[in-house]
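This report is meant for a reader meeting the structure for the first time.

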Amino acid sequence: MHLSINSFSEFLIGIVILVFLIIFYKPTKEYSLKYKAKCKKIAMTITALSFVNLILINITYKNLDPFFVTGLFLGLFINYAILKGELRVAQSLSDINWLTGSSYLKGKFSFKNIDWALIFKTSLILLIWTTLVFGIFKPEMNDNLAGDLLQGSGSKLIAVINNIIVICLIAPLSEEIIYRFFAINIFLRWFGKKRKISIVLAVLIPTITWMYLHSGTLANNWIKYVQVLPAGLAFSYILYKKDVEHSILTHMVFNISAFFITFIFLKLNFLRV
């Protein structure tokens, strides 16, 4: 039930994103031409990771409907085109909003300039919060996800590898681009930056949407919401103060640590299955 509701929600959000993209793409098209080549590289990288994800899904679940699988692979081309548009619009609006947006797209990215202290400090705080929430409320994990994490042979091993790729790479990249980089800049453009309430709304709307899309991970969704909402706010703050590269890296570090904490909790029976 959770999965069907979530799929429908993702479909509706996808339509809204497409409408936003159409509205803002034409006004920013000429301005964003200087970012075209780099946006293409980023979109290609994420699409390649998604392609690997679909291959591993096909190996793990061998009885999938061929038409369904074909649709997923065709969807990669659509997602690729949308990603390129999102990146170009987001960076153009970042420039208009006087934000850095993406240091890579602006040609200012360097690993030497990454604030690793901020990234690890934020991830540690969020990890402590996750540990407290899970420790106090004893959440019940989704049966399928728990099975993937606890098993370690055959197709189950591939499922675990695929979960790592999705949770630690694809999700941070795609979610930070869509729900932080793209969405926050759109709402900032609409609401403006002169009033604090405008900035709060520009952050809260996509963050709450992103939080809701985590439905189905746990049987008791409200615990998942309590766990991830502070993370969404933290990633948004880092995007606003730094750039999308910092929010992506923070998201990655947090997801990697949370993934292994979840695995340990399952082994120690701190999470109910």
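## Cysteines

In this predicted model, there are zero disulfides. A disulfide is a covalent bond between the sulfur atoms of two cysteines. Cys 39 is buried, with a relative accessible area of 0%, and Cys 168 is likewise buried, with a value of 5%.

## Nonpolar cores

The largest nonpolar core is made up of 46 residues, and within this core Phe 181 and Phe 182 have the most contacts. At least two residues of the core come from each of helix 1 (2-29), helix 2 (36-60), helix 3 (66-96), helix 6 (155-191), helix 7 (196-212), helix 8 (221-241) and helix 9 (244-267). Helix 6 provides the largest share, with 11 residues.

When residues up to four places away in sequence are not counted, Phe 182 touches Ile 17, Phe 20, Leu 21, Glu 86, Val 89, Ala 90 and Ile 177. There is also a second, separate core of five residues, among them Val 133, Met 141, Leu 218 and Ile 223.

## A buried arginine

Arg 88 belongs to helix 3 and is buried, yet this residue has no salt bridge.

The side chain of Arg 88 does make a polar contact of 3.0 Å with the side chain of Ser 32. Apart from neighbours within four places in sequence, the residues in contact with Arg 88 are Tyr 25, Lys 29, Ser 32, Leu 33, Lys 36 and Cys 39, and Cys 39 is itself one of the buried cysteines described above.

Notes
Residues numbered from 1 in each chain as written. Predicted model: local features only at pLDDT ≥ 70, side-chain atom pairs only at ≥ 80, totals over all residues. Heavy atoms only, no water. Core = buried A, V, L, I, M, F, W, Y, C linked by side-chain atoms within 4.5 Å. Buried < 20%, exposed > 50% of the residue type's maximum accessible area, 1.4 Å probe, protein only. Helix = DSSP H or I, 4+ residues; strand = E, 2+ residues; numbered from the N terminus. Contact = heavy atoms within 4.5 Å. Disulfide = S-S within 2.5 Å. Lys, Arg positive; Asp, Glu negative; His and termini not counted. Salt bridge = Lys/Arg side-chain N within 4 Å of Asp/Glu carboxyl O. Polar contact = N/O pair within 3.5 Å; in protein donor to acceptor, adjacent residues only side chain to side chain.
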